[in-house]
Amino acid sequence: MSQTRAVRPGTAERGRPFRPLPGRARRARAAASFLFLAFAACAPEDAAAPLYAPTPLPPLDGAPPLSTERTLTPLSAVLDPPRNPAVPEEIEELLAAGYGELGIAPGQPLVPATLDGAPAPPRGPAPRLLTRFVHLADTQLADDESPARLAVFDSPGPFASAFRPQEGHECRILNAAVRTINALHRSTPIDFVLLGGDNADSAQTNEISWFMAILDGAERVECDSGADDDPVQGPDNDPKDPFFAEGLAVPWRWVTGNHDVLHQGSFPVDDREALAIGSLSDGGTRDWSLPGAPVITGEVVPDPGRALLRRPALLDRVAAAGDGHGIGPDERAYGKAFYTFDVEDTPVRVVVLDTASEAGGPTGVILEEDVERFIRPALDRAKSERKWVILTSHHGSRLLGDGAFSPAGAAAQPGALSAEAWRALVGEYDNVLLHLAGHTHEHRVTRAEPAGGHAYWELETSALADYPSQLRVLEIWDEDNGFVAIRGVALDYAVDGDPVAEEGRRRAIVDFTSGFGSDGSGDPAWRNVELWIERPD
């Protein structure tokens, strides 16, 4: 049965691409996303079409260069006024004109910093590397064909990313990041990969399923939903084709972000379930059956694999995969991803915090209940056991709030800690070295200096999802001089032998150079850093 619907100006029905009206600025984008798991249910297959086994890509040849060795920079300046990369004709013109191309510039050296601003001390006679690991933040792996998408709300600016032209390629970009990490590990061993949260984009089951399959490894991953799309005829040549995922060669540990438990990172999943598994897009999604996969509204092919995951089901799925990735019975019983793990044969302990609020809103929330139930006991135990603590969460302290978010009807949560209260708590423990976070999609360093308490470092890593699409390699050194050095170096993923990932990178660069996306590189002093802190007793 057909019916007449009102269509928002600037949107289109299925089969007609969305284009903004000339001179009309589009409204700010919606923040965030839902996780999704069930790999087998992610991409419906034609029953008559036999499944084929994708060909594994060869391992990368040699160690990937760190950004201390070389820097990748766009060859084109950012456009002003912007051009909309959601319009197929626009992005094809930009790609043809070279707006997705990178050049190679000299590397950027490590920038030393101390908490009091004094020069870094000379190293001792026998410095010792305690651990090397990779921080992988804000993949925001999206089902770009979901009717729960809000692509028509995209607009230029630092907070406007309801649409990313590379989002359909994000599975292959994540796979490229895995291949890069594995190549790094073969040349310079790393101990583990620590996620930064916002692993999925909108808490959908299929998003989480794809994400975990790529990190754990699978013979066949197909990041396609609804109709079984094949934009470029033939296998292994477009982002909707199945591919082989080699999986990480080192353990990885889960961290929860707001996009992992909220629709578009802002709205409770109970309110959006029918939208996600339905057949009607009001907010704009992509149609890969049309040239250029334009943004459309109207009827879409439904898919039960898009069901939104509640937090308990999410933790169950993570715990059931591989080695559980940090999630076990205690975390499942608690209902949040608070846990600790030690780096073997070192004094380093990682304390993982869950700052996402299921009530709604993109900001982080830490409750007094969390402090008394887990955080303070974990810090007390680390202190008594003479462990040096790395705190990690999706949100850094400056993004903590009371949980109020009026668009979702979320009220302030009793007992929510302010940024100042959180820093004061951490400042009670002089064995805390670092608070590592994501969320902002920007490299950043902050001196956390609680009044009357112990000062420590906060370090944020940019997003894989957005330019410059980097990871960060971290090393913790006992410098044998009374100090610990925290070295953090940005790492670009490699696309050797993977033209689909390479095309995804070009589109991510165009998102930036078109004037729609922002630059997450941060201040030059925040990218490659050597942060000094006194060695805990």
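This is a predicted model: local features need pLDDT of at least 70, side-chain atom pairs count only at pLDDT 80 or more; totals for chains, interfaces and linings use all residues.
**Cis prolines, positive phi values and a helix pair**

Serine 469 lies in the loop between strands S18 and S19, where strands are DSSP runs of E with at least two residues and helices are runs of H or I with at least four, both numbered from the N terminus. The phi of serine 469 is near 55 degrees, a positive value in a residue other than glycine. Serine 469 is buried, with a relative accessible area of 5%; buried means under 20%, exposed over 50% and partly exposed in between, with a 1.4 Å probe and protein chains only.

Residues are numbered from 1 along each chain as its sequence is written, and side-chain values use heavy atoms, leaving out hydrogens and water.

Proline 468 is in that loop as well, between S18 (456-460) and S19 (470-478). The peptide bond from tyrosine 467 to proline 468 is cis, with omega near 10 degrees.

Another cis bond runs from aspartate 80 to proline 81, with omega near 10 degrees. Proline 81 sits in the loop between strand S1 (70-74) and helix H1.

Let us turn to alanine 203. Its loop joins strand S5 (192-195) and helix H3 (205-216). The phi of alanine 203 is near 55 degrees, positive in a residue other than glycine, and alanine 203 is buried, with a relative accessible area of 0%.

Finally, in H1 the residues Ile91, Glu92, Leu94 and Leu95 meet Glu503, Arg506, Arg507 and Val510 in H10, contact meaning heavy atoms within 4.5 Å.
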